[in-house]
Amino acid sequence: MSSSFPPVQPPRRVLMGPGPSDVAPQVLAALAAPTVGHLDPYFLNLMDEVQQMLRTAFQTKNKLTLAVSGTGSAGMEACVVNLVEPGDKVLVCVNGVFGGRMADVAARYGADVKIIERPFGEVFSTEEIQKAVEEFQPKVVGIVHAETSTGALQPIPEISKAVHDAGALLLMDCVTSLGGLPVEIDKWNVDAAYSGTQKCLSCPPGLAPVTFSDRAVEVMEARSTKVASWYLDMSMVRNYWSDHSRAYHHTAPINMNYGLHQALRDLLEEGLENRFARHLRNHQALRSGLEAMGLKYAVAEEYRLPMLNAVTIPDGVDDKAVRGQLLTDFGIEIGGGLGPMAGKTWRIGLMGEACTQRNVLLFLAALEFCLQAAGHHLTPGAGVGAANQAYSKLSD
């Protein structure tokens, strides 16, 4: 008896939204490799290699560095639940959706949460965080390095010093930044950080790279209460990832780790500095093209993310109509704004495999068509022309 359900045949898209990003053929091929057991010697060796490559990506020597089974939000929850006990003071810096999510997660685990806020699209100064930690005396300070909802990049080094001078731990969200711009865990003295596979690492969503400093591990080991989540309890999960104990905890997503292994190999083969330069170069060309079409960025230039371009939607242009036409007519996905930016901004991703000159020029041509159809006045060809001129200058 044949199934009445069709086979899985998704359309081909160009993923230029806030994530997931395009996935390279070699990563897809790795996902399709034969599944082995979660304690098979081959897989255990692969886990070791994933850890080593993640340490390079995070620029850290942290022993406790691994891939949590789950998406980036699982990484967030893993960091919070292992560092925080009921009643602990947690200061969370909220300037976008994902800072707000971090505060919500901490509150759900019984933390005494204090929020400091900046408008969406802005970043925090060292002085305001220093003042907040001196007044509140938190155990943990949580901050988003690259706010996916707004396209804003938060400077970290000076803030890290202020946090540690007050005796607190620094927890950093680098879901969007890892693999696309410098994330220097050891140099910045970050105590815990989490990311996701589906952004600049260009692997499908399903794993969350995390890393914990020795100081963070000491705090975890000094807990007086059990970690509230069994699944995310690092005291057990780390034994499975340890090359000494290999104590079974849960069945790892075997093939997802295959995919992450290949994605990390691709990152190291390209080289971190080359990868960062590629993201910046394509961002600069895209920016030139967008500005030539009359579009303005929603974030100040010095705080813009290269991999997530948030631009203000022109007056009189319908957000969903343009995004819908881009998807239907050109197979290009971009994102809409979130929170107070909903309906006011577009989020244009240049992440990992999708961060190419080809995609920049294709997108600008397609967007011009859609904007003209929406009645927005622009000079035909201005966007592509400006981007090409930028590429020419950038290659000199």
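Buried residues account for 56% of the 396 residues in the protein chain of this predicted model. As for overall dimensions, the C-alpha trace extends over about 65 × 65 × 50 Å along its principal axes. The radius of gyration is 22 Å, in agreement with the value near 21 Å that a compact globule of 396 residues would have.

Turning to the fold, the chain contains 14 helices and 15 strands.

The peptide bond between Gly 19 and Pro 20 is cis, with omega near 5°; Pro 20 belongs to the loop that links strand 1 (14–15) to helix 1 (25–31).

Positive phi values also turn up at residues other than glycine. One of them is Gln 137, where phi is about 55°. Gln 137 sits in the loop between helix 5 (126–136) and strand 5 (140–144), and its relative accessible area of 46% makes this residue partly exposed. Asn 189 likewise has a positive phi, near 60°. The loop that holds Asn 189 runs between helix 7 (185–188) and strand 9 (192–194). With a relative accessibility of 42%, Asn 189 is partly exposed, because that category covers values between the 20% limit for buried and the 50% limit for exposed residues.

Note on methods: Residues numbered from 1 in each chain as written. Predicted model: local features only at pLDDT ≥ 70, side-chain atom pairs only at ≥ 80, totals over all residues. Heavy atoms only, no water. Helix = DSSP H or I, 4+ residues; strand = E, 2+ residues; numbered from the N terminus. Rg over C-alpha atoms; globule rule 2.2 N^0.38 Å. Buried < 20%, exposed > 50% of the residue type's maximum accessible area, 1.4 Å probe, protein only.
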